[in-house]
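Q: Please take a close look at one helix here. I would like to know what it packs against and which way its sides face.

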Amino acid sequence: MAADLQSKYTKLAQEYSKLRAQNQVLKKAVVDEQATSGSLKDELKQREQSLRRVEQEMDSLSFRNQQLAKRVELLQEELVATEAKGKKNKQSKGDSPSQPNLQTQIVFDEDLQKKIQENERLHIQFYEADEQHRRQEAQMKARLEQLEKDSDQHQAVVEGLTGKYMENIEKLQSDKARLEVKAQTLEREAKDCRIRTDECQQQLRKYQMELNRQLKQSSSVIQEKVPFNDTKFGDYNSLNVPPHNRRHQLRARDVAGQALGFIQDLVAALLNFHSYTEQRVHIYPLDSSIETISPLNQKFSQYLHENAAYVRPLEDGLVQLHQSITEDTVTMLETVNKLQDFSKYFSAYTRFLQKILPYQLKSLQEECEAPLCNSSLTSKNQELQDDMKRVTSIFEKLQTYISLLALPSLREDALPQSSSSAVFTQLAASLHSLHDAIKEMLKHYSQKASMEQELPTVTQKMRTTNECLLSSLGSLTNSTHKIATFFSNNLDFFTSSPGYGPRGGSGALNPVQAESMLGNKKQASAYMQAVRKARPESVPYTEALTNRRVLTSSTESREGLTQQVLQSQEKMARLEQEKEHWLLEAQLGRVRLEKETQRITELEAQLSAALGGTSNTAPVTAASQDSPSTSGHLDLDCEERGASRDKESSQSSSLVGMLLTTTCSEDVSEEESREHLIKSHYMSRVAELTSKLQMADSKAVHFHAECRALARRLTIAEKSRETMTEELKVANQNISRLQDELATTKRSYEDQLSMMSDHLCSMNETLSKQREEIDTLKLGSKGNSKKNKGR
């Protein structure tokens, strides 16, 4: 029990030290935050003082401006008074000025009036500009608030998408791990399958050799015994391999390769045309980056975005058709099955054009309804609508002809030779019509693009898109021209008969039996290659028997060794299990040994403590005082004290544990008193430890509450710091804005003061000139009066 109390006390001391350390850290953090908040408050006070200082400067400037305005008014009033006094002086003297001086005075008055009117006009313009500036500032503030809201919304969307993508990444990683495990399982299965495949191939080779032998035997019997002519029956005759036309096959492969190159150029041009059309829909008549486009254009853009799913298969289908045409195959309309796939892909693209045609026409009509669309642009849009309809109808014709050419590979007599020639001819004419229609579209679109570049609202993005559309239409025109020219040049090859057919030249190939005929052709070529191949040297019979005996003995020994290996592996696994079992048993024994050793140590300590207490309360002999730590010494003590007394071995138990002693009949009271003393000692010790434990618990609770309060204060300080930081940012922005306004106002007032000072200078110059003229006139009048007096 004392050990448990000691361990609890140690744990409490450790927790107390941890909480004390955490308390110190939290106190330091709170002090730091308080210092930071104090510095922020001081900075805010400084900014407020600077803001008040700027406002005082603005008030002083406005007061100075009013003083200057009053000074200008006083100067104007003095000017008017001076002019009036000059007129009165002239009238009082009775002198009539001459006509040129009056005209000069009138000119000066008119000039002064014009200057005054110009000053008033400048004041009005300044007031209007100030009002316009305030309105623009209010608009900019509203727009800034809207943009901040949009930014917050976008940030929220980005955070949501980031979380979603992280979830997807975790999911994909788990899927990857699962797939890796699955891949390892599949690899093991694949190895097993390879082993079984090798065995099956060996059996297959044996069966093939047997079947070849039987086939040769049967063929010799049929040739010798059964006279049979398969050309008498059309079904049998169609299975015969026709004579091989190597020149036709090489020409067909060359033509297919050229067609593949042209179709690749056409596919690239169509992809560019649809992609740039989608880009133009997002730009004109409404820019999707500024405002939302119409629902019609949104749907049209969505359909145009899917163009690759319909255009790419055209190239893939022709690639498969080109790969199916080799030197060893028979190339006819009845045997070219890949033409049916190309026909399906072309039909899908034609349906795509039919689907987007109404949206394309409505989009052009919407461009006509735009505010800046004039009559010439409307006419060009109508011409483009006609061109779109014409191109779609030509693609429908081409789809019809290609479907007709693919029919002979499905059923017999679907398209006679004469009809196929007519279809090829019409297909060439449709290709030329397609080239002409796209050429007209390019012409009309180039004219429309040149007109749109003259519009005042056209952007650089719009110009670039129009140039890309024109380049894609140009490449589309070149590719259609190449395809039409290529088809016209090779029309004789398409319409001519390849020369393949049943023996005797009657009838045509059945598409159902064409595949069997091609299989017969491959078998015949393989048979000829096998006949021409040199036979390998055979193994002698005796050597083969020896090899068989060696193989059999090695197989038996291998099976025996395999069984021994399996038995050894099972034995090793069993021994491993036993080893693990005994290791566990050894660990358990070690734990038990440690526990017993600890228990024995505790018992010895308790025994020594008990014997030490006995030596203080009862008479003990010298032998017991020499070594009071073991039970054997207690027995010797009893023997020395009374050899003639009867010895009674008893087992005394107390709070310390079990103690084996040999007690005498006279020492019973002494043992009881010792037991009582030991009991009282340990009870007092337990009470003391309990009080210490309660004190530690109360301190721990107190420190825990204090730490929680400090943590709460820390969070409040952090929130206040954030709010103060935001307020400081707002104050900085207001200060910068007010400084800008102050600089602008100061600059405008300086400009006005410079203008007013220039005007005052000019007025002073005018007044000085007028005074000089008045003085000259006075002097002249005085001289005239003297002359008159002298006369």
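A: First, a definition. A helix axis is a line fitted to C-alpha atoms over the stretch in contact, and the angle between two axes runs from 0 to 180 degrees between N-to-C directions. Two packed helices are described by that angle and by the distance between the axes.

This is a predicted model. Take helix 5, residues 295-305. Its axis comes within 10 Å of the axis of helix 7, residues 338-368. The two cross at roughly 145°. The crossing is left-handed.

Now the contact itself. Helix 5 brings Leu296, Asn297, Lys299, Phe300, Tyr303 and Leu304. Helix 7 answers with Phe352, Lys355, Ile356, Tyr359, Gln360, Lys362, Ser363 and Glu366. By type, the residues of this contact divide into seven nonpolar, three polar and four charged.

Next, the sides of helix 5. Asn297, Phe300, Ser301, Tyr303 and Leu304 are buried. They cover an arc of only 160° around the axis, so they lie on the same side of helix 5. An α-helix has 3.6 residues a turn, so residues three or four places apart point the same way. Turn to the face away from the buried side of helix 5. There sit Pro295 and His305, both exposed.

Helix 6, residues 308-324, can be checked by length. At 1.5 Å a residue, its 17 residues should span 24 Å. Its end C-alpha atoms are 24 Å apart, which agrees. Its buried residues include Val311, Leu314, Leu318 and Leu321.

Definitions and conventions:
Residues are numbered from 1 along each chain as its sequence is written. This is a predicted model: local features need pLDDT of at least 70, side-chain atom pairs count only at pLDDT 80 or more; totals for chains, interfaces and linings use all residues. Side-chain values use heavy atoms; hydrogens and water are left out. Helices (H or I, at least four residues) and strands (E, at least two) are DSSP runs, numbered from the N terminus. A crossing is left-handed if the near helix is turned anticlockwise from the far one by less than a right angle, and right-handed if clockwise. Contact means heavy atoms within 4.5 Å. Ala, Val, Leu, Ile, Met, Phe, Trp, Tyr, Cys and Pro count as nonpolar, Asp, Glu, Lys and Arg as charged, and the others, Gly among them, as polar. The expected span of a helix is 1.5 Å times one less than its number of residues. Buried means under 20% relative accessible area, exposed over 50%, partly exposed in between (1.4 Å probe, protein chains only). The arc is that of the directions from the helix axis to the C-beta atoms.
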